[in-house]
Amino acid sequence: MGKADFLSPKAISNRIKAKGLQKLRWYCQMCQKQCRDENGFKCHCMSESHQRQLLLASENPTKFMDYFSDEFRSDFLELLRRRFGTKRVHNNIVYNEYISHREHIHMNSTQWETLTDFTKWLGREGFCKVDETPKGWYIQYIDRDPETIRRQEEQARKKKQELDDEERSARMIEEQVRKGREGKDTDEAPVYTELKRESEEEKVAFNLGACSSVAGPSKSSSVLGASALKAASSSSSTSVKRKDSSSDSRGGEKKKKSALEEIIEVQQPVKTDYWLQPNIIVKVITKRLGEKYHKKKAVIMEVRDKYTAVVKMIDSGDKLKLDQNHLETVIPAPGKRVLILNGPYRDVEALLDGIDEKNFSAALTLDSKGKEEQGYQGP
């Protein structure tokens, strides 16, 4: 029976079956041939080409094993370097990716019996950094490429240069600070001298205006000292009078206030940090109570300690004790009545005329004064 054509259904079926990985026990490493079943592998072992390969391997078995070991090591390290770089990775992950290639070198034809032995050998030879963990062996590739080493040395040199520049600038700053402190110490250090008299007849005069002492042997010096004392006393008295007059004038100014200032003081808003009032409608804004109460309206039943309120939910009727930070005011539609909660018109009811959302303000008509007021709604 002749061989099937390339495009025949049988040939296509054979190629589909041969695609991908097959069982390792039906693979011949010497001939690099993968068989699909036990019968095919048996026929291959009895073939003449396989017998010739066995005769060649029997002459120098060590040579063939070293060749397969070198090929396996080089391909494994190339995959580790190209795929994972210098990252720390589990050895089984790299091995699974390596054997996914159909033409790879099988480990049973190398000098290593298991993947653990191969991983330990890589660590002993210095190809990788290996460490054992409860999850297995991890490997990290050591890149000894001259270009990579040169790049790492250049980066280390740049980093060292930056550190040297920073140290140099820090040293210069410390030197400047030290010089500044030394100059400050020398400038501010007072010099004390002993007060001595050459004779008992000499008089010592003090000029308070210039804060210095004058001593002289003649009468002119005493006259000059007396005049200086008079001038200093007169200047000090005039300065005291000027201060008294200025303080009196300030006190008079403080006592007298214009009508405009009085109106401004009266209309100045007096705001507090609490705004809770009973019988007003508020909205729960905290999410700690769950979606059941979040953004739901309630009525304040009782106010405790100015900052805590007991509220009753409008929908469910549940009663909650909440802080004012977990509540916010509810602004009704224009034309409804509101209660001012903060400012100079606190606790005053008013009629809501309009809302200015852009400026966060509202126009109100107060019941007590009967005029329009522009102010903020809420705390």
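At what angle do α4 and helix α6 (residues 115-125) pack, and how far apart are their axes? In this predicted model, the two helices pack at an angle of about 80°, and their axes lie 13 Å apart. Because angles of 65 to 115 degrees count as roughly perpendicular, α4 and α6 are described as roughly perpendicular to each other. On the α4 side the residues that meet the partner helix are Phe72, Arg73, Phe76 and Leu77, while α6 brings Phe118, Trp121 and Leu122. Sorted by class, this contact of α4 with α6 holds six nonpolar residues and one charged residue, with no polar ones.

Helix α4, which spans residues 61-84, also packs against helix α5 (residues 91-99), here at an angle of about 110° and with the axes 10 Å apart. This angle, too, falls within the range from 65 to 115 degrees, and α4 and α5 are therefore roughly perpendicular to each other. The residues that α4 gives to this contact are Phe72, Asp75, Phe76, Leu79, Leu80, Arg83 and Phe84, and those from α5 are Asn91, Ile93, Val94, Tyr95, Glu97 and Tyr98. The contact of α4 with α5 comprises nine nonpolar residues, one polar residue and three charged residues. Phe72 and Phe76 of α4 take part in the contact with α5, and Phe72 and Phe76 also meet residues of α6.

Elsewhere in the chain, the second largest pocket has a volume of about 270 Å³. Twelve residues line this pocket, and those nearest its centre are Ile280, Ile281, Val330, Val338 and Leu339. Among the elements that contribute to the lining, strand β13 (residues 337-339) gives the most, with three residues. By class, the lining of the second largest pocket consists of eight nonpolar residues, three polar residues and one charged residue.

The protein chain has an average pLDDT of 75, and 71% of the residues score at least 70. Over residues 210-229, however, pLDDT stays under 50, and the model has 15 contacts for this stretch beyond four places in sequence. Residues 369-379 likewise have a pLDDT below 50, and for that stretch the model shows 27 contacts beyond near neighbours in sequence. Where pLDDT is low, the predicted coordinates should not be read in detail.

Terms used: Residues numbered from 1 in each chain as written. Predicted model: local features only at pLDDT ≥ 70, side-chain atom pairs only at ≥ 80, totals over all residues. Heavy atoms only, no water. Axes fitted to C-alpha atoms, helices over the stretch in contact; angles between N-to-C directions. Helix = DSSP H or I, 4+ residues; strand = E, 2+ residues; numbered from the N terminus. Parallel < 35°, antiparallel > 145°, perpendicular 65-115°, else oblique. Contact = heavy atoms within 4.5 Å. Nonpolar A, V, L, I, M, F, W, Y, C, P; charged D, E, K, R; others polar. 1 Å grid on protein atoms, 1.4 Å probe; cavity = no way out; pocket = protein on both sides within 12 Å on 5 of 7 lines; lining within 4 Å. Points joined across faces, edges and corners; volume = space filled by probe spheres on them. pLDDT = per-residue confidence, 0-100.
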